[in-house]
Amino acid sequence: MSFKASSLLSGDVDNLRKRSVAESTENCCEPEHHQRFPRLQTQPERLCVGPHHPDVGALATPSPDASAHHFCHFTPKCLLAVSRGTHGNSPPRQGEEGWHDGTSRTTIRVDNEVEAHREANNYKFGFRKWKGNVTEKPIEDRSDIDKELHTDLSIVKHVEAPVVTVGNIVYVFLFGWWISLIYLLICPVMCLTIFGVPYGKVCLKLAWYVIWPFGKSVQRACHLVNISAVKPTNCEIIPPQEHDDDKDAGRDKDCAPLLVSSPLPIEIPVPTLPPRKTSKHWCRVSTFLWLLLCYPVLAVVHSLACVLSWLPVFSIPIAKMNGRILTTVLLMAPEDIEIHALDKADVCETRVVLYCYQAFNVYYYKYTVLGINIFALNLLPLVFISLIAGYTDREHKYFSAETVFTIAITSIIPLSYYIGMGIASISAQSNFAVGAVVNATFGSITEMTFYITALIRGHRAGTKCYEEIVKSALAGTLIGCILFIPGICMTIGGIKHSEQRFNSRSAGVGSALLFISIGGVFAPTLFSKTFGNLVCESCSNVPGNATVPFICKDCHYDTSTADPHLVLSHIEPLVYTVSVLLPASYLIGLIFTLKTHAHIYDIQVSDGHGGQTHGHHVVHWSRWRALTVLIVATVLMASCADLCTVNIEPILSHSSVSQYFIGVTVLAMVPELPEIVNGIQFALQNNISLSLEVGSCIAVQVCMIQIPLLVLFNAFYDVGFVLVFSDIHLWASIFSVILVNYIFMDGKCDYFQGTALVVVYFILLAVYFFAPSPHSC
């Protein structure tokens, strides 16, 4: 029963009697029935939150007295109210005059208290943003697409889509023909053994099946009876009968209709299923011949097909089909295997052994295993491949240095994902203090491991080239997080949602911190250019001829040849002072956004039931498991970073590409790919505020946490790191901050502004690409 039906008067009951039972059953008993009514669809972001939210609770939520007397009522899930910009051109809703800068309250549905904490942490300054769920959603609460992704191919569903599709035809050319050929070759082998004739016939059946399995089902021939769901044709909603001993009989008659079946009973004869007998085919000679001669060959074939179809992700249905054939169908008794074509007239769902109607599914990028995204899971073997290839083949007899570097830098992507999921899992299950500590310690561990290993490598090699690579990576991370991440999110989100609005107050806080960060980080650079020595590589002049100009090439300010008193007495103290002030500014930002001015983000968590979370939830990773994953991933990250620094030397010395370009692109942005994906997903869900927070949060952490940590590390273990950047890093970073602050002024964005940021980012990359290599390289 819908919410709208809860306010019907007693005189409307007679009109309800004319409705059929099919319509009433769908409206009353379907879990997602509340999505069908225009009254709720016109306000997609105003969900019922019960008496704790009076501004939206009266919109669609029945009163407690009324809802208590209905056969079906909706239990509100945990809700998260956050501050976001009004979408489109809709004016701010009433009752929200206390909101500033045109912001409005948006209610986000979450499933349980843990997910509510995760969403709330996304809006906290300094916390890593995470899009994926940290708890397992019950299968009945998932969308139809998600249910289809996690099916085990054992249910026959009536699908109106044709089975002759491009993807299914591609399957025939990639997998079907050679798997079918192997079955055809095994068939005569089993027939020649005389005892294996039944299995030979099975191979012949499966040969025709695997070449085109779509629209066919593999069933167990054990006299099963398919019972279709029989629905009564005449059913009505009637009020309950009155009883003398019922004190609330009058109210029940008016407000509490019951859904009952037709007064005429319908008896459906159901045949009794025979008792299932235990199969004795395991004791046959043919079974031993099958397991000895042919099953190992088919196991290799189907395992290879599983691996080849699992890695591309979108062809996972093929992997599931081959896995089910290997583990179930090939181990059944040959007389129990029957293959039937799908009857299009049958619309009921039937459970069978195997049924597949498509080879490719584009939605499998959402597929997860124990909460882990399928891409991060498939990239995990690269970590072990890089460790084996890097530490066992140090002489590069089998793998070149470029190959090992490529595998090692790619391995950082899944490790960054696991670190991010571990941080989100611990933060969602812990209080604010624990979450803040975990985010502060592990939030920058990916970049810090590479920076420190590169500085140590350069110090041992006696070259400043690695220091320049680290500075390029730092500047590249700043420029990418300021320009590219917001730009790509604005572009993709703007294409889908035309115009998106965000909280200009919170964006202003991030912009102010960016200005403070850039000013503090590049203050020693400006100081060295003011008081340092101007050094030129080559100068030409003709003695005695004043008409010929004095030409100098490749001039730059160098502090290494300056007065040692200047460096020791002025530049180093300035660097240490900045390294103290930047973390202090970060701490002030935490206090400002999370304590004294938390209303800027205005995060309110409510589940509509007095703060008590209803429903059971299963956490993918417990706190101890998440902590273990964090530690292991950190160790593996350090190993992969070490392999990157060891094998990058041939690339730096023999590559025609500028070392600046390698640092600002590959070394800077590859570890941030999981964050870029999170930002794009937020933008697609019209939550551009979090997309912008992803980039600004990383940029602020680079300046206010990572760089001071590098200075602190250099103070205890001198690797020659001096916080003085090249001119190209200085002007590119300052220009990026000014541009992005101009874009963020009006609190709204579209794909044109996002495209502008992306184009500027690529222009700066072109500058780095054509720039000459650093002097130390």
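**Entry 1: helix α27**

I take helices (H or I, at least four residues) and strands (E, at least two) as DSSP runs, numbered from the N terminus. For the expected span of a helix I use 1.5 Å times one less than its number of residues. This is a predicted model, where local features need pLDDT of at least 70, side-chain atom pairs count only at pLDDT 80 or more, and totals for chains, interfaces and linings use all residues. Residues are numbered from 1 along each chain as its sequence is written, and side-chain values use heavy atoms, with hydrogens and water left out.

I checked α27 (residues 751-770) first: its 20 residues should span 28 Å, and the end C-alpha atoms sit 29 Å apart, which agrees.

Next I looked up burial (buried is under 20% relative accessible area, exposed over 50%, partly exposed in between; 1.4 Å probe, protein chains only). The buried residues of α27 are Q753, G754, L757, V758, V760, Y761, L764, L765 and Y768. They cover an arc of only 155° around the axis (taken from the directions from the helix axis to the C-beta atoms), which puts them on the same side of α27. F752 and F770 are exposed on the other side.

What do the buried residues of α27 pack against? I found α17 (465-497), α23 (659-669), α26 (727-743) and β18 (748-750), with contact meaning heavy atoms within 4.5 Å.

At the N-terminal end, D750 caps α27, with a side-chain oxygen 3.2 Å from the backbone nitrogen of F752.

**Entry 2: salt bridges**

My rule here is a side-chain nitrogen of Lys or Arg within 4 Å of a carboxyl oxygen of Asp or Glu. By this rule I count 6 salt bridges.

R284 and E335 meet through their side chains at 2.7 Å, N to O. R284 lies in the loop between β7 (258-259) and α11 (285-310), and E335 in the loop between α12 (316-327) and β8 (337-341), so the pair ties together parts 51 residues apart in sequence. R284 is partly exposed at 31%, and E335 is partly exposed at 43%.

For R457 and E649, I noted 3.9 Å between the closest N and O atoms. This pair links helix α16 (residues 445-461) to helix α22 (residues 649-654), 192 residues apart.

Last, I noted a network of salt bridges linking K464, E467 and K471.

Methods. Polar contact = N/O pair within 3.5 Å; in protein donor to acceptor, adjacent residues only side chain to side chain.
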